[in-house]
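Biologist: I would like to go through the aromatic rings of this structure. Please show it before we start.

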Amino acid sequence: MLDRRQILAALGTTALASFAPSALFAAASIKPDDTSALLVIDVQNCFLPGGSLAVKEGEQVVPVINKMAKAFSNVVMTQDWHTPGHVSFASVHSGKKPFETIDLPYGKQVLWPDHCVQGTDGASLSKDLSIPQAELIIRKGFHKDVDSYSAFLEADGKTSTGLAGYLKGRKIKRVFVAGLATDFCVAWTALDARKAGFEVYVVEDACRGIDNQGSLAKAWADMAKAGVKRIQSADIAVSA
Ligand code: VGL
Ligand code: ZN
């Protein structure tokens, strides 16, 4: 017969064995330092419930980002910041509907509902973001004829936003990317960050995607190929 102690010991072993060792040891193992920056991408009203280009469950990233941001002394936020009548809006291309594509001089462009027009409430950052130490807001997509998903480089592939120079000037080596939308502005930012020579982490549960015609799976595949690390917010150590 097993006594009480043996039963408890056996239960303990079973309970422990039911955790994957990697999950156990990876928890909170990444500690952002002074050479790390969090990039909070496009957490703007237009991409949140009720917005003109609302991302499904987009509001769920806000508490995750607020908590994670406490681990970072360097935080940069971005704002999609389009002119009225921007080239990425379906409404300016006759006969075209949102989520269709067109060919522009710089390549294929997905067409979107009008969104994030400069100075409008839809373009404002979510009022629920709470990251007082954020040091820089990069606006992008403000040239009428060029889109910019990436926080680093406009869609023409050559016009810089200045972000790489800023981060290098601040001696940042690692960037952590979170926000909206996983398959557009987050992914393009992560890929360009790799091209600019940064170590790049995308925090999956701090992002949500649009997923237009397989774009989400493609984005994760492209990021994996480029050496972007896919992590969860729980992998980052946040002291209380
Ligand atoms: C975005 C589509 C159009 C984004 C911006 O923030 O991911 N997506 N403009
Ligand atoms: Zn946009």
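Modeller: A residue is called buried under 20% relative accessible area, exposed over 50%, and partly exposed in between. The model is predicted.

Biologist: Is Phe 99 buried, partly exposed or exposed?
Modeller: The relative accessibility of Phe 99 is 32%. Buried means under 20% and exposed means over 50%. Phe 99 therefore counts as partly exposed.

Biologist: How many aromatic pairs does the structure hold, and what is the angle between the planes of Phe 99 and Trp 112?
Modeller: The structure holds eight aromatic pairs. Phe 99 and Trp 112 form one that is edge-to-face, with 5.6 Å centre to centre. Planes over 60 degrees apart count as edge-to-face, and the angle here is 85 degrees.

Biologist: How many residues apart are Phe 99 and Trp 112?
Modeller: Phe 99 is in the loop between strand E2 (75-80) and strand E3 (101-104). Trp 112 is in the loop between strand E4 (107-110) and strand E5 (136-140). The pair links distant parts of the chain, 13 residues apart.

Biologist: Is Trp 112 buried or exposed?
Modeller: Its relative accessible area is 2%. The limit for buried is under 20%, so Trp 112 is buried.

Biologist: Which kind of pair do Tyr 149 and Trp 188 form?
Modeller: The ring centres of Tyr 149 and Trp 188 are 4.8 Å apart. Their planes are at 85 degrees, so the pair is edge-to-face.

Biologist: The charged end of which residue sits over the ring of Trp 81?
Modeller: A charge counts as over a ring within 6 Å of the ring centre and within 35 degrees of the ring normal. The charged end here is 3.7 Å from the centre of the Trp 81 ring, and it belongs to Arg 139.

Technical notes:
Residues numbered from 1 in each chain as written. Chains lettered and ligands numbered in written order. Predicted model: local features only at pLDDT ≥ 70, side-chain atom pairs only at ≥ 80, totals over all residues. Heavy atoms only, no water. Phe/Tyr/Trp six-rings, centres within 6.5 Å; stacked < 30°, edge-to-face > 60°. Helix = DSSP H or I, 4+ residues; strand = E, 2+ residues; numbered from the N terminus. Buried < 20%, exposed > 50% of the residue type's maximum accessible area, 1.4 Å probe, protein only.
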